[in-house]
Amino acid sequence: MGITKSILIADDEPRMIKLVSDFLKKDGYNVFIAENGRQALDIFNERHIDLVILDVMMPEYDGWAVCREIRKLSRVPVIMLTARTGESDELFGFELGADEYVTKPFSPKVLMARVQALLRRAAENKSPNVNLERLEIDINGRSVMVDGHSLDLSMKEFELLLYLVNNEGKALNRDQILNAVWDYNYFGDARTVDTHIKKLRHKLGDKGIFIKTMRGLGYKFEVKP
């Protein structure tokens, strides 16, 4: 017998929570329940969660905001549930890092099949480390090494580096970085990003060249020249 997987359901509809949780429990999963976005993030940060099922429309933080926060440091599979069927909504969910987008009403059996497929894929691809040209990031241990030497990074520097690495090859503007690393509704000065990038580059030494400046836009993490 393998370790029982834990799944977080976040939905403000009691009927929907009961329907999904009953099917999950029947299949042998541990189930955690949140009735709003803030609860979802609290549970996610306090518990080991293997997969998240998020309703888009929730009080406190909506599903988009919760997904964005989760994606800062975790690649745990995320399934978005919504009654909205617009293509733009679906694309937005995928841009935020959702793995599946399921519209209501749906077949619980089909949802369970998607849960199983995502957990199987995550198990096959799971790695707690990122290794890029002798730059090593231990995600679980929240540590970074360059050429075998440990770096003393602040929490925000670590989160910034991980966000850049997770979006390798993408040009990211300062607002995107602020929203992802500082807070989804952060209204601070965009120069905060520049300051942290400068410090991070310095600490990375010769690996600092992986963080490219995109003139007039922001930054991009790219290992290839």
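Asp 147 comes out as partly exposed, because its relative accessibility is 36% (buried is under 20% relative accessible area, exposed is over 50%, and partly exposed is in between, with a 1.4 Å probe and protein chains only). It sits in the loop between strand 8 (143–146) and strand 9 (149–150), and its phi is positive, about 55°, even though it isn't a glycine. Helices and strands here are DSSP runs (H or I of at least four residues for helices, E of at least two for strands), numbered from the N terminus.

Everything here comes from a predicted model, in which local features need pLDDT of at least 70 and side-chain atom pairs count only at pLDDT 80 or more, while totals for chains, interfaces and linings use all residues. Residues are numbered from 1 along each chain as its sequence is written, and side-chain values use heavy atoms, with hydrogens and water left out.

Glu 60 is another non-glycine residue with a positive phi, near 65°. You'll find Glu 60 in the loop between strand 3 and helix 3 (63–73). For context, most residues other than glycine have a negative phi, and most peptide bonds are trans.

## The whole chain

The protein has eight helices and twelve strands. Of its 225 residues, 45% are buried.

Take the contacts between residues at least 6 apart in sequence: 56% of them join residues at least 24 apart (contact means heavy atoms within 4.5 Å).

Five strands make an open sheet, ordered 2-1-3-4-5, with parallel pairing (two strands pair if DSSP finds at least two bridges between them). The edges belong to strand 2 (30–34) and strand 5 (100–103); each has a single partner strand, so one side of each has no neighbour in the sheet. From one strand to the next, the twist averages 20°. Strand 4 (residues 78–82) runs parallel to strand 5, and four bridges join the two. Across that pairing, Ile 79 stands opposite Glu 100 of strand 5.

Helix 1 (residues 14–26) lies across strand 1 (6–10), strand 2 and strand 3 (51–55), at about 165° to strand 2. Helix 2 (residues 37–46) also lies across strand 1, strand 2 and strand 3, and runs at about 145° to strand 2. For these angles, axes are lines fitted to C-alpha atoms (for helices, over the stretch in contact), and values run from 0 to 180 degrees between N-to-C directions.

## Just past strand 5

A cis peptide bond links Lys 104 to Pro 105, with omega about -5°. Pro 105 belongs to the loop between strand 5 and helix 5 (108–125).

Helix 5 includes Lys 109, which counts as exposed because its relative accessibility is 67%. The C-alpha atoms of Lys 109 and Leu 24 are 10.0 Å apart, although 85 residues separate the two along the chain.

Three strands form another open sheet, in the order 10-12-11, and here the pairing is antiparallel. Strand 10 (172–173) and strand 11 take the edges; each has a single partner strand, so one side of each is left without a neighbour. Helix 8 packs on this sheet, touching strand 11 and strand 12, and its direction makes about 145° with that of strand 11.

Strand 11 (residues 211–214) and strand 12 (residues 218–221) pair over four bridges. Ile 211 has Phe 221 of strand 12 as its bridge partner, and Thr 213 stands opposite Tyr 219. The two strands make a hairpin with three residues between them, and Gly 216 in the turn has a positive phi of about 80°.

## Helix 6 against helix 8

Helix 6 (residues 155–166) and helix 8 (residues 191–204) pack at about 85°, with their axes 10 Å apart. That makes the pair roughly perpendicular (65 to 115 degrees; under 35 is roughly parallel, over 145 roughly antiparallel, and the rest oblique).

Helix 6 brings Lys 156, Glu 157, Leu 160, Leu 161 and Leu 164 to the contact, while helix 8 brings His 196, Ile 197, Lys 199, Leu 200, Lys 203 and Leu 204. By class, these residues are six nonpolar, one polar and four charged (nonpolar: Ala, Val, Leu, Ile, Met, Phe, Trp, Tyr, Cys and Pro; charged: Asp, Glu, Lys and Arg; polar: the others, Gly among them).
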